[in-house]
Amino acid sequence: MKFFLLFSLIGFCWAQYDPHTAYGRSAIVHLFEWRWVDIAKECERYLAPNGFGGVQVSPPNENLVVNSPSRPWWERYQPISYKICSRSGNEDEFRDMVNRCNNVGVRIYVDAVINHMCGEGAQAGTSSTCGSYFNPHNRDFPAVPYSGWDFNDGKCKSGSGGIENYNDAYQVRDCRLSGLLDLALEKDYVRTTVANYMNHLIDMGVAGFRLDASKHMWPGDIKAVLDKLHNLNTQWFSQGSRPFIYQEVIDLGGEAVTSSEYFGNGRVTEFKYGAKLGTVIRKWNGEKMAYLKNWGEGWGFMPSDRALVFVDNHDNQRGHGAGGASILTFWDARLYKMAVGFMLAHPYGFTRVMSSYHWPRYFQNGQDINDWVGPPNDNGVTKEVTINPDTTCGNGWVCEHRWRQIRNMVAFRNVVNGQPFSNWWDNGSNQVAFGRGNRGFIVFNNDDWELSTTLQTGLPAGTYCDVISGDKIDGNCTGIKVYVGSDGNAHFSISNSAEDPFIAIHAESKI
């Protein structure tokens, strides 16, 4: 009995770190600003067949409408109410998406904006995605309802009411972030109201949440909300399953708020990951890929079982958030594919792939002044994600997750899941290779000269298809073939001018 109780407690404690992906699936994708009807289709036609574990969706709740029709992406982060009503679709469409995605084993994770409501400077009225009335000057949000009692105005100790000093943890958590009205999450009414919103989504079948702006909430207040959450819907999840939680905490070091304070609540976004990997792949500051041998905790990152990792996200691909100019994005496609390939091959952390849309970049003084531009739209109405004959996306959608190299590395991660990091090799510079037990092997050439060498792969003898240059189709390779000998060795040649200067093979790419 004691053993059973201990096991139950351990299981419960670990529950919020488990993404509840279907068996054999180990990566998720952020379909940023997609409509619910398009995500439902994508789960069925592409994500499930290609082994994606889940989708992070944009905030589904009612939000402020800003500067219609030229509406910025960030309006989604200015809540007006918790009605499921946004430019991505209504509640019926959201529910249909969750059902259809779960039915093919693809989980839905909601970006939950629970730290604040809209900005204090917004005009009172009904300019919101559902037409609910609000008056931010009076702190009046009757569609929730919230009133002046439910905000931190009296608690903030800065002169302006906003965050003025990021080295003061009280300001960071009790004052307004960029003028956004800061909710008093220490109050049970606010906690219960937020939990009711999240429970409504859980009951529909959502598997978990990204908690936006977690750094700006006290860890204990977050825990109090999480303790009120329902177990996951047993139509798709085992009895007693708890929602997967990952918290947005930007911690690059040197501030009062640290990631580790939030480990008790769930996983945490490891912003150092993309910033450091971008610096290495770009070869800035004397960094070399050879230095990645102890990647992960050895680089000062949080423990792997607490980390949600990514090369870029919707903020920092625009120069916001954290990481600065080193962040790699689809605009740097060649280097970006290498970085995402490395992330998906390496065992550290739980991985999220980004899927973006194009915007017209325009730089002034090194800053993209079009970083606000919202999703592809006709007069403010988000455009459908169309699929081209070559399986890429049209209508202004980038869809990095559909790039062959990234899609095939998601499959690679699934095949090698649980296997140890092994057979590291480097040339002391920017040519590196490593394996994952006896299930996969990857080689990179980020130097300015050719790579040509024989390496121990750890794989069984045979002919393998490189899944970067092509696919394995009908028992043959559309790209490079790699021959592994009976001793596990294989010869690799990668030109420094190759479109994709890396090669990956795995147990299921063997012919």
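Q: What makes two residues count as being in contact in this predicted model?
A: Contact means that heavy atoms lie within 4.5 Å. By that criterion, and leaving aside neighbours within four places in sequence, N61 is in contact with P79, S81, Y82, K83, C85, S86 and Y197. The structure discussed here is a predicted model.

Q: Why is N61 called buried?
A: Buried means under 20% relative accessible area. N61 has 0% relative accessibility, and therefore N61 counts as buried. N61 lies in strand β3.

Q: What makes the pairing of the side chains of N61 and Y197 a polar contact?
A: A polar contact requires a pair of N or O atoms within 3.5 Å, one able to donate a hydrogen and the other to accept it. The contact that joins the side chains of N61 and Y197 is 3.4 Å. Y197 belongs to α5, where it is one of the buried residues.

Q: How do you know that the span of helix α5 agrees with its number of residues?
A: The expected span is 1.5 Å times one less than the number of residues. For the 17 residues of α5, residues 188–204, this should give 24 Å, and the end C-alpha atoms are 24 Å apart, so the two agree. After α5 comes G205, with a positive phi near 125°.

Q: Which residues of α5 are buried, and what covers them?
A: The buried residues are V190, R191, T193, V194, A195, Y197, M198, N199, L201, I202 and M204. Their cover includes the strands β3 (61–63), β4 (79–86), β6 (107–112) and β9 (208–211), together with the helices α3 (91–103) and α6 (219–226).

Q: Why is α3 called oblique to α5?
A: Two packed helices are described by the angle between their axes and the distance between the axes. Here α3 and α5 pack at about 50°, with their axes 9 Å apart. The angle makes α3 oblique to α5, because angles under 35 degrees count as roughly parallel and 65 to 115 as roughly perpendicular.

Q: Which residues meet where α3 and α5 are in contact?
A: From α3 come E91, F94, R95, V98 and N99, which meet H200, L201 and M204 of α5. By class, this contact has four nonpolar, two polar and two charged residues.

Q: Why is E44 called partly exposed?
A: Partly exposed residues fall between the buried limit of 20% and the exposed limit of 50%. At 37% relative accessibility, E44 therefore counts as partly exposed. E44 lies in helix α2, residues 36–47. Its side chain makes a polar contact of 2.9 Å with the side chain of R100. Leaving aside neighbours within four places in sequence, E44 is in contact with P49, R100 and V104.

Q: How do you know that Q56 is buried?
A: The relative accessible area of Q56 is 0%, so Q56 is buried. Q56 is placed in strand β2, residues 54–57. The side chains of Q56 and R352 make a polar contact of 2.8 Å. Beyond neighbours within four places in sequence, Q56 has contacts that include V29, H30, L31, Y109 and R352.

Q: Why is P243 called buried?
A: With a relative accessible area of 4%, P243 is buried, since the limit is under 20%. P243 is placed in the loop between α6 and β10 (244–247). Leaving aside neighbours within four places in sequence, its contacts include I202, A207, G208 and F209.

How values were computed. Residues are numbered from 1 along each chain as its sequence is written. This is a predicted model: local features need pLDDT of at least 70, side-chain atom pairs count only at pLDDT 80 or more; totals for chains, interfaces and linings use all residues. Side-chain values use heavy atoms; hydrogens and water are left out. Helices (H or I, at least four residues) and strands (E, at least two) are DSSP runs, numbered from the N terminus. Buried means under 20% relative accessible area, exposed over 50%, partly exposed in between (1.4 Å probe, protein chains only). Axes are lines fitted to C-alpha atoms, for helices over the stretch in contact, and angles run from 0 to 180 degrees between N-to-C directions. Angles under 35 degrees count as roughly parallel, over 145 as roughly antiparallel, 65 to 115 as roughly perpendicular and the rest as oblique. Ala, Val, Leu, Ile, Met, Phe, Trp, Tyr, Cys and Pro count as nonpolar, Asp, Glu, Lys and Arg as charged, and the others, Gly among them, as polar.
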